[in-house]
Amino acid sequence: MNLLAPKSVEDIILSLLQHGERKTTELLMEVGEMRPNTTKQGFYAALRKLRAQEIAIVYKGVASLHTTWIGEMRDKIASIAQAYTLKPDAFDIFSLKEKESLSYTCYTPQQLDSFWGHIQTLIMHTTAPREPIFTIDPHYWLYIARRKTELRCLEEIHRSGRQFLIIVNKDAKLDRAIKRDFVGDNSVQYHIEKVSGKNSRYVSIIGNYVIDVTLDPAIADRIEKIYAKHENVNPNLVHELQSLLEIRSRSKIKISRNRARAAKFRSSMSQYFYIVR
């Protein structure tokens with residue numbers, strides 16, 4: 001079952017029913033729009049399968065998700081969240097004392113981004129609520145290469161009641177083009193400012209934690225070349241950036257607990273943003 005990227009008829013039906021009950025005739029049309037080769041027979045066979053599994057119910061021509069299944073899924077998700085976001089000894093991050101740090105090596109940019117996002121979520125769920133997340137990136141290229149993943153991450157930050165405040169320290173035309181996506185949204189603010197000369201250095205600050213990321217220099221140089229070629233987001237750009245994700249490389253991620261350093265970053269960066277108190 002894949003509700004984030006549904007492919008089978010069953011998955012598409014479930015993804016549509018997430019938003020509320022549907023007449024089966026309407027549901028058939030919507031499934032057909034998302035999966036044009038779906039036959040009427042195939043649609044109703046998939047619906048019968050979901051009914052047999054007590055995932056969906058149909059009454060008087062209206063389909064909806066089974067409340068028992070919704071409850072089971074809610075409990076499973078809550079259990080996963082408890083294990084992954086509240087586990088006190090996860091990666092030993094929360095055993096760090098003041099000015100202590102842990103370092104890890106990641107061997108592809110995709111592995112780095114996944115691990116980085118996971119660490120950020122762990123810390124976010126154990127720091128003071130409404131504490132903004134500050135980030136410094138040479139380019140916010142992962143927003144292009146892994147857009148769905150980044151949007152889910154931003155939504156998670158928004159649900160936590162926090163702001164995501166990012167400084168991009170380059171000023172390519174593509175950096176300015178992306179900025180338009182974040183105009184008028186105080187929860188996600190994007191500012192371009194020269195604050196570091198290294199194209200491989202990324203920093204995130206959450207509470208008293210500082211996450212330092214050093215992208216493999218060869219990957220960082222390739223990103224610079226790609227950014228120099230493009231002025232706006234387009235399919236070729238997306239393909240070029242996505243092609244970097246699985247390249248074998250060595251990137252470093254360091255998690256530090258350092259109250260003074262985190263406060264210094266916040267102080268220097270806050271001037272560029274409207275911070276909701």
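About 50 Å³ of space lies in the largest cavity of this predicted model, and a search of the whole structure finds 1 cavity of 30 Å³ or more. Here a cavity is a set of points on a 1 Å grid over the protein atoms alone where a 1.4 Å probe fits but cannot get out, and lining residues have an atom within 4 Å of a point. As this is a predicted model, local features need pLDDT of at least 70 and side-chain atom pairs 80 or more, while totals for chains, interfaces and linings use all residues. Residues are numbered from 1 along each chain as its sequence is written, and side-chain values use heavy atoms, leaving out hydrogens and water.

The largest cavity is lined by Pro109, Leu112, Trp116, Trp141, Leu142, Tyr202, Val213 and Leu215. Helix α5 (residues 109–124) gives the most to this lining, with 3 residues; helices are DSSP runs of H or I with at least four residues, and strands are E runs of at least two.

Now follow α5 to its partner. The axes of α5 and helix α7 (residues 147–159) come within 11 Å and cross at roughly 5°, so the two helices are roughly parallel to each other (angles under 35 degrees). Their contact (heavy atoms within 4.5 Å) involves Asp113, Gln120, Thr121 and Met124 of α5, with Thr149, Glu150, Cys153, Glu156 and Ile157 on the α7 side.

One last stop is Asn199, in the loop between β7 (188–192) and β8 (201–206). Beyond four places away in sequence, Asn199 touches Pro138, Lys170, Ala220, Asp221 and Glu224.

Note on methods
1 Å grid on protein atoms, 1.4 Å probe; cavity = no way out; pocket = protein on both sides within 12 Å on 5 of 7 lines; lining within 4 Å. Points joined across faces, edges and corners; volume = space filled by probe spheres on them. Axes fitted to C-alpha atoms, helices over the stretch in contact; angles between N-to-C directions. Parallel < 35°, antiparallel > 145°, perpendicular 65-115°, else oblique.
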